[in-house]
Every structure is written in structure tokens, then in C-alpha cells.
Amino acid sequence: MPEADDVDDDEEMPLSLRLSIADTLTLGNATCGFMAVYFTTTGILIPHLTGSQESGMGRHSAATAVILMLCAAVFDLFDGLVARKLRSSPMGAELDNLSDLISFGLAPAYFVLVYGMVADDAHQRVAAVGAIVVLLAVVLRLARFSCVTVKDGTFQGMPSPFGALTVVSIVLLELPFVATLLAILGTAWLMVSRVEYPKPRGRLAGAVLGWIVLSMGLLAAWAFDAPGGQLLLQTGCALQLVMGAVIPLFATARRVNNFRDNRREARATHLP
């Protein structure tokens, strides 16, 4: 019998183990999420613990970490578009969920945790609870996404990239600790809620990409202390929060209107 070493090394790799272009973009998503955790640790947490910087959160490191989360959102946006246009490997869905967990679950939750350690008015243990809630909300949301079928063109609950960016926007606004914590918990609830959010396709995908690029510019202006950079950043973060609050209201109003229209149609059909 032939020995194991005699097996043809040129045997073609099974289709299930090949990485497609979309899968490569998904891995870029995971890499950005991990590097966001790295910059949050080395640029914010460690200097705070060692007393090597006066301010609680280093602007450059905080901005870099959030920009990396934004880059992860870009990868997440394009891997879906590429998968629909070309193809994705059988591993595509699993890779996407695992990458999203790193970039939009672990990274923002860790950002909240570090905020609770370095901010002057924060409470570390309470902030840790908020960080855990954010992480578990993303875990539950991604698990439900794999199991529940919703109507085409919509998400059930706030998408995890949108939720992650909303969470970090709340932290960067530097609101009082109680208000910050309540807003973070509200965002986590929206991620596991049944509120419908539109999927970023067509013009909406272009609008989302434009908003991400604009957000990167605002973060860069803030990091390099440009004139009005602080105000620009706070304005962008406030707009992110407004969108997070307004979209559920519009979705709820649309569901109520659809329910009323269905009731009217049902009554009309039963009339003699």
C-alpha cells in the first residue's frame, strides 16, 4: 500500500476550503476589529495605568481605534456586495458572523470598558456591566440572524455595525456617566429588538459609505486638533445618535400604518 507521503500534493483543495474575494474582505473586517482593540489598549489603557499621559483618553489612539471600526464597516458593506455579484465560499456566512463579533461586538464593548477605567466621572464596574451587555447583544443578534428568516431587504434589530458606531459615538460625546450608560444600554436593546432596519443596498449603500468617509474625516480633524475639530466630532456623534433614534420611530410608524391599512382592507372585504 502507498505511504502517506506518496499522496499527490497537487490535489486540488476542496471547494469548501477555498477563500473567495468576499471572504478576503471579511477577514479584513476581522483584522480591523482586532487592531481597534490593540490601539485602545496601547494608546489609551496602558498610558493611563502607567501614568504616562495626563488626559484620560489619547485623541490619536481613540480616533485610530474608531477609524478602524469604520474600516471594518466598509469591509462588511463590500463583502456582501461582492458575494452577491460574484460568489462566496460555503464558509462565507460563518466567517462574516465571526468577523462581525470581533469588530462590532468585542471592539466597541472593550472601548466602553476602557472608558469606564479612564474617564473621571465613570464607575469601572458599572461600565464593565455595560460593556458585557453590548457584547452579549451582538452575540445574540448574530446568532438570531443565522436562525431567523426575515423579509427581503430588511434587518430585524439594529445592524451590529450601526450599533457599534452608535456605542462609540455615545462614549466620544463625553456625556455624564449615567446618561452615557443609559444610551449604551438603549443601543444594545435596539440591536436585539424586532425593529426593522433597511439593508444598505443601492443608493442607501452609497449613502452609508459616504457617511463612513465623512465620519473618518471628522475623527481625523479631532485627532489632529484642527480648528473646530471638537465641535465637528460632537456634531457627527450627535447625528449618529439621532439616526439611531429616528430610524426605529419611522419603522414603528410604518408598521402601525401598515397594520391600520390591513384592518381597513379586512373590514372592507367583510362588508356586504
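This is a predicted model: local features need pLDDT of at least 70, side-chain atom pairs count only at pLDDT 80 or more; totals for chains, interfaces and linings use all residues.
**Helix α4**

Begin by selecting residues 124-147, which form helix α4. The helix has 24 residues, and its first and last C-alpha atoms lie 35 Å apart, close to the 34 Å expected at 1.5 Å a residue. Next, colour the buried residues of α4: A127, G130, A131, V134, A137, V138, R141, L142 and R144. In an α-helix with 3.6 residues a turn, residues three or four places apart point the same way. To see what covers the buried residues of α4, display α3 (92-118), β1 (154-156), α5 (160-172) and α6 (177-192), which are among the covering elements.

**The second largest cavity**

Two or more residues each come from α3, α4 and α6, and α6 gives the largest share, with 4 residues. The volume of this cavity is about 40 Å³. Its lining divides into 6 nonpolar and 2 polar residues, with no charged residue.

**The largest cavity**

How many cavities of 30 Å³ or more does a search of the whole structure find? The search finds 2, and the largest cavity holds about 140 Å³ of space. Centre the view on V66, S169, S215, L219 and C237, the closest to the centre of this cavity among the 14 residues that line it. The elements α2, α5, α7 and α8 each contribute two or more residues to the lining of the largest cavity. By type, that lining comprises 10 nonpolar and 4 polar residues, and no charged ones.

**The largest pocket**

Finally, select D76, L77, F155, K199 and P200, which lie nearest the centre of the largest pocket. The space in this pocket is about 1200 Å³, and 42 residues line it. Which elements each supply at least two residues of the lining of the largest pocket? They are α1 (21-50), α2 (59-85), α3, α4, α5, β2 (196-198), α7 (203-223) and α8 (229-270). Show α2 in a separate colour: the largest share of the lining, 8 residues, comes from this helix. Colouring the pocket lining by residue type gives 23 nonpolar, 9 polar and 10 charged residues.

Definitions and conventions. Residues are numbered from 1 along each chain as its sequence is written. Side-chain values use heavy atoms; hydrogens and water are left out. The expected span of a helix is 1.5 Å times one less than its number of residues. Buried means under 20% relative accessible area, exposed over 50%, partly exposed in between (1.4 Å probe, protein chains only). Contact means heavy atoms within 4.5 Å. On a 1 Å grid over the protein atoms alone, a cavity is a set of points where a 1.4 Å probe fits but cannot get out, and a pocket is an open set with protein on both sides within 12 Å along at least five of seven lines; lining residues have an atom within 4 Å of a point. Grid points are joined across faces, edges and corners, and a volume is the space filled by probe spheres set on the points. Ala, Val, Leu, Ile, Met, Phe, Trp, Tyr, Cys and Pro count as nonpolar, Asp, Glu, Lys and Arg as charged, and the others, Gly among them, as polar.
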